[in-house]
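Visitor: I have the model open and would like to learn how to read it. Please start with a strand.

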Amino acid sequence: PFTTEDRDAINDEGITFMHVPFCLGAMSFFHNVPDSVLPDTGLNMEACVLADIFSGVITTWDHADIAAINPSFTPPAGQPIVVYHRTYGSSTTKGITQYLHASCPEKWGSDKVGSTIDWPESTYAVQGSGGMSAGISSTEYSIGYIDSGHGHDDGLSEIELKNLHGTYLSSTEAKAAGGVQAAAEQALATGVMPSDPSADFSAVSLHNMPGENTWPIVAISYLYLRKDQTAAGDKAPLLYAFVEYILSEEGQALLADYNFEAVPQDVIDVSTAALEMLRLA
């Protein structure tokens with residue numbers, strides 16, 4: 001979303017614009033720990049343990065904090081954790097670091113939130129989602145982060161992540177239970193997301209939302225629409241039709257083809273309100 005500063009600068013020019021949420025995406029942590037040492041329930045992780053792993057505080061898979069939440073996990077003694085992170089600007093890095101700060105601020109401070117941050121020298125940089133996937137898949141006992149659809153398409157093993165409710169689940173399990181849409185529903189219901197599309201969306205975050213099966217790391221994508229489209233003449237109705245299609249049942253159904261999730265109906269209602277606010281010639 002636009003920052004408050006940028007939004008105010010646009011408004012000061014006499015321009016009103018709207019945020020139009022239309023697409024959800026889950027992000028997740030993936031690993032390459034051999035199945036032979038994994039618990040039957042999968043590899044459970046909590047935000048504070050992940051914060052210590054990516055900060056270089058926890059460096060081996062047999063660390064007591066990992067064992068405490070995975071009592072039947074049997075990695076080799078002293079087995080190092082190979083930690084991968086994205087280099088250059090990455091929206092996934094921003095989403096993951098926002099989640100770690102929101103879920104465990106005592107271990108992951110606000111100074112470590114962003115699309116690029118300073119990582120410990122003990123970690124390994126990879127470029128792009130493809131580089132992350134290749135790094136994890138080629139390195140036993142590694143861990144990294146990637147958008148969940150990409151990770152599953154590449155056959156990676158996903159962490160069972162503890163959500164705000166205390167449920168350990170994968171993004172696949174959360175999706176099947178409507179847990180990605182639930183994050184958006186909760187954001188709207190709790191006022192984290194405005195119901196007025198022309199309002200300030202700068203504080204909108206779908207990370208760590210409540211709910212038994214809610215996925216804790218969810219990104220939301222927007223279209224930005226200038227309210228006054230009268231100067232666009234006969235192009236404005238084409239814009240209207242384009243956005244209308246994206247928000248339609250048919251348009252939303254296409255998102256799954258690209259490993260994204262449709263937004264729930266109450267969020268569609270916000271976006272439809274933006275469409276209805278457009279001023280056409």
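Guide: Take β3. Both of its faces are covered: Val 82, Tyr 84 and Arg 86 are buried on one side, and Val 83 and His 85 are buried on the other. Buried means under 20% relative accessible area, exposed over 50%, and partly exposed in between (1.4 Å probe, protein chains only). Strands (E, at least two residues) and helices (H or I, at least four) are DSSP runs, numbered from the N terminus.

Guide: A word on the source. This is a predicted model: local features need pLDDT of at least 70, side-chain atom pairs count only at pLDDT 80 or more, and totals for chains, interfaces and linings use all residues. Residues are numbered from 1 along each chain as its sequence is written, and side-chain values use heavy atoms, with hydrogens and water left out.

Visitor: Why does one strand have two sets of residues?

Guide: In a regular strand the side chains alternate between the two faces of the sheet.

Visitor: How many of the residues of β3 are buried?

Guide: Five of the five residues in β3 (residues 82-86) are buried, so the strand is largely enclosed by the rest of the structure.

Visitor: Which strands pair with β3?

Guide: Two strands pair if DSSP finds at least two bridges between them. β3 and β4 (residues 124-126) are parallel and share three bridges. Tyr 84 faces Tyr 124 of β4 there. β3 also runs parallel to β5 (residues 142-147), joined by two bridges. Ser 142 in β5 is the bridge partner of Val 82.

Visitor: What unit do β3 and β4 make with a helix?

Guide: With α4 (residues 91-103), they form a right-handed β-α-β unit. A crossover is right-handed if, with the strands pointing away from the viewer, the path from the first strand over the helix to the second runs clockwise.

Visitor: How do I read the edges of a sheet?

Guide: Look at β2-β7-β8, the order of an open sheet of three strands with mixed pairing. β2 (44-45) and β8 (168-169) are at the edges with a single partner strand each, so one side of each has no neighbour in the sheet. β7 (residues 160-162) pairs with β8 in the antiparallel sense, over two bridges. Lys 162 is opposite Tyr 168 of β8.

Visitor: Now helices. Which residues of α5 are buried?

Guide: An α-helix has 3.6 residues a turn, so residues three or four places apart point the same way. In α5 (residues 128-138), the buried residues are Gly 128, Ser 129, Met 132, Ser 133, Gly 135 and Ile 136. Their cover includes β1, β3, β4, β5 and α6 (148-153).

Visitor: At what angle do α8 and α11 cross?

Guide: Axes are lines fitted to C-alpha atoms, for helices over the stretch in contact, and angles run from 0 to 180 degrees between N-to-C directions. The axes of α8 (residues 179-189) and α11 (residues 265-277) come within 8 Å and cross at roughly 60 degrees. That makes α8 oblique to α11. Angles under 35 degrees count as roughly parallel, over 145 as roughly antiparallel, 65 to 115 as roughly perpendicular, and the rest as oblique. Ala 184, Glu 185 and Leu 188 of α8 make the contact with Asp 266, Val 267 and Val 270 of α11. Contact means heavy atoms within 4.5 Å.

Visitor: Is Gln 265 buried or exposed?

Guide: Gln 265 is exposed, at 54% relative accessibility. This residue is in α11.

Visitor: And backbone angles?

Guide: Most residues other than glycine have a negative phi, and most peptide bonds are trans. Tyr 88 is not a glycine, yet its phi is positive, about 60 degrees. Tyr 88 sits in the loop between β3 and α4 and is exposed at 56% relative accessibility. Tyr 141 also has a positive phi, near 65 degrees. Tyr 141 lies in the loop between α5 and β5 and is buried, at 7% relative accessible area.

Visitor: Where is Gln 229 found?

Guide: Gln 229 is in the loop between β9 (218-226) and α9 (236-247). Gln 229 is buried, with 11% relative accessible area. A polar atom of its side chain lies 2.8 Å from the backbone oxygen of Arg 226. Beyond four places in sequence, Gln 229 contacts Ala 236, Leu 239, Leu 278, Arg 279 and Leu 280.

Technical notes:
Polar contact = N/O pair within 3.5 Å; in protein donor to acceptor, adjacent residues only side chain to side chain.
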